[in-house]
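Please work through the following exercises with the structure in view. Each task is followed by a solution in steps.

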Amino acid sequence: MSLFPNYIKYDVSFVKGEGAVLWDEAGKTYLDFGSGIGVTNLGHHHPALTHALIQQIHQLWHVSNLFPISLQEEVASLLCRHSGLGAAFFCNSGAEANEAAIKLARKWAKEEKKVLEPEIITFEGSFHGRTLATLTATGQEKVKTGFGPLPAGFITVPFENIDAVKQATNPQTAAILLEMVKGEGGVYPASYSFVQELANWCEKNNILLIVDEVQTGIGRTGEWFSFQHYGIWPDVITLAKGLGNGFPIGAMLAKEALKPVFRPGTHGTTFGGNPLAMTVAKTVLTEIENNNLLHDVKEKGRYFLESLKEELSDSEAVIAIRGLGLMIGIQLSKPVAPIIKQLLKQGIVTLPAGENVLRLLPPLVVTYEQLNQAVHLIKEAVCEPTQLTIIQNGG
Ligand SMILES: Cc1ncc(COP(=O)(O)O)c(C=O)c1O
């Protein structure tokens with residue numbers, strides 16, 4: 001093996017996908033309730049995406065950002081229309097989108113607030129990426145261990161604690177960075193009141209509110225962006241995952257007033273916004289809109305959450321079931337890793353969120369029948385003590 005051993009991999013290798021179904025090398029089928037960690041929102045082998053990408057492959061792959069790319073303008077205007085924001089920057093991943101937001105906030109604070117050492121407030125249990133700045137922003141020690149010295153200028157406070165935010169605020173505070181639903185950190189939706197208080201605090205103190213929509217964006221929660229459930233209007237949002245349905249892409253959107261902060265030469269990327277990625281993103285956005293998928297996600301999400309609660313709530317193994325749209329977490333009283341392995345054997349791909357939470361991110365195009373199958377399989381794996389014993393003993 002010539003790869004770094006930084007990923008712990010399952011012993012299943014997929015060779016084909018269609019909608020919410022995956023095939024392994026032996027031809028066995030699996031329900032995909034992980035969507036490649038919240039990425040393939042429109043499912044595998046989506047006809048319109050495949051068609052658009054193939055057409056673009058035959059036309060033009062890459063020219064760099066030294067030249068205008070009209071598709072960038074088209075995708076930017078769609079994203080701005082759906083978010084109410086005024087400017088887009090394209091990159092290649094979620095971490096890069098958050099890096100762009102951090103840089104934008106620092107530069108804005110230096111220019112607008114005359115702050116010398118800008119600070120960004122983030123939350124415990126959050127996840128913002130693996131680059132040095134984004135892992136420092138992340139509120140989980142495990143992603144930081146061994147990578148110091150870490151960049152200065154980040155303060156992490158307890159989630160849902162507005163007093164802690166107020167105490168951490170000082171004249172250097174440039175921005176607050178938040179996930180509306182903590183994804184990697186256990187699928188915790190923020191409460192409406194906390195988000196309102198936070199938005200008011202930012203407004204009152206001239207602090208930028210940055211919402212990390214890398215996992216929650218592009219329809220995952222039943223709105224284009226999760227902030228739209230909360231009746232607030234952030235200054236900046238970051239996107240990746242579902243925007244490319246598997247084609248690498250990231251984006252940062254900001255209010256019109258922040259546009260001049262990134263003047264020529266301040267920030268950039270070689271690949272970001274290339275024609276291949278832009279074609280895919282444009283098609284993703286058009287498909288979601290034309291097929292009224294946001295409405296479907298709300299309905300399916302409600303149905304899935306209720307079905308899971310009905311079937312699993314009585315089990316001693318289940319502490320809580322929560323989520324927003326098709327982003328659902330089942331908090332267990334035991335480790336989730338053996339259950340995920342068991343589910344994989346039973347033919348369904350699921351994800352962990354921390355040690356004890358089973359995270360379910362089916363594609364937005366999942367059918368009701370597939371949701372019912374998943375509820376049945378999850379119930380079997382979570383509530384059956386005998387099967388779990390076998391798995392645990394078998395490693
Ligand atoms: C909320 C959030 N932000 C940022 C990231 C980092 O994205 P990427 O892995 O594309 O760098 C992730 C990845 O899981 C995420 O869930």
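**Exercise 1: Cysteines**

The structure, a predicted model, holds 0 disulfides.

Task: Determine which cysteine sulfur is nearest to that of Cys-80, and whether Cys-80 is buried or exposed.

Solution. 
1. The nearest cysteine sulfur to Cys-80 is that of Cys-91, 14 Å away.
2. A disulfide requires two cysteine sulfur atoms within 2.5 Å. Cys-80 is in no disulfide.
3. Cys-80 has a relative accessible area of 13%. Buried means under 20%, so Cys-80 is buried.
4. The cut-off of 20% also applies to Cys-202, which counts as buried because its relative accessibility is 3%.

**Exercise 2: Strand β4**

Solution. 
1. One of the residues with a bridge partner in β12 is Cys-91, whose partner is Gly-250.

**Exercise 3: The second largest pocket**

Task: Describe the volume and the lining of the second largest pocket.

Solution. 
1. The space in the second largest pocket is about 760 Å³.
2. The pocket is lined by 29 residues, and those closest to its centre are Gln-72, Ala-88, Phe-89, Phe-90 and Phe-262.
3. The elements that supply two or more lining residues are α3 (70-83), β4 (87-91) and β12 (250-254). The most come from α3, which gives 5 residues.
4. Sorted by class, the lining consists of 16 nonpolar, 10 polar and 3 charged residues.

Conventions. Residues are numbered from 1 along each chain as its sequence is written. This is a predicted model: local features need pLDDT of at least 70, side-chain atom pairs count only at pLDDT 80 or more; totals for chains, interfaces and linings use all residues. Side-chain values use heavy atoms; hydrogens and water are left out. On a 1 Å grid over the protein atoms alone, a cavity is a set of points where a 1.4 Å probe fits but cannot get out, and a pocket is an open set with protein on both sides within 12 Å along at least five of seven lines; lining residues have an atom within 4 Å of a point. Grid points are joined across faces, edges and corners, and a volume is the space filled by probe spheres set on the points. Helices (H or I, at least four residues) and strands (E, at least two) are DSSP runs, numbered from the N terminus. Ala, Val, Leu, Ile, Met, Phe, Trp, Tyr, Cys and Pro count as nonpolar, Asp, Glu, Lys and Arg as charged, and the others, Gly among them, as polar. Two strands pair if DSSP finds at least two bridges between them. Buried means under 20% relative accessible area, exposed over 50%, partly exposed in between (1.4 Å probe, protein chains only).
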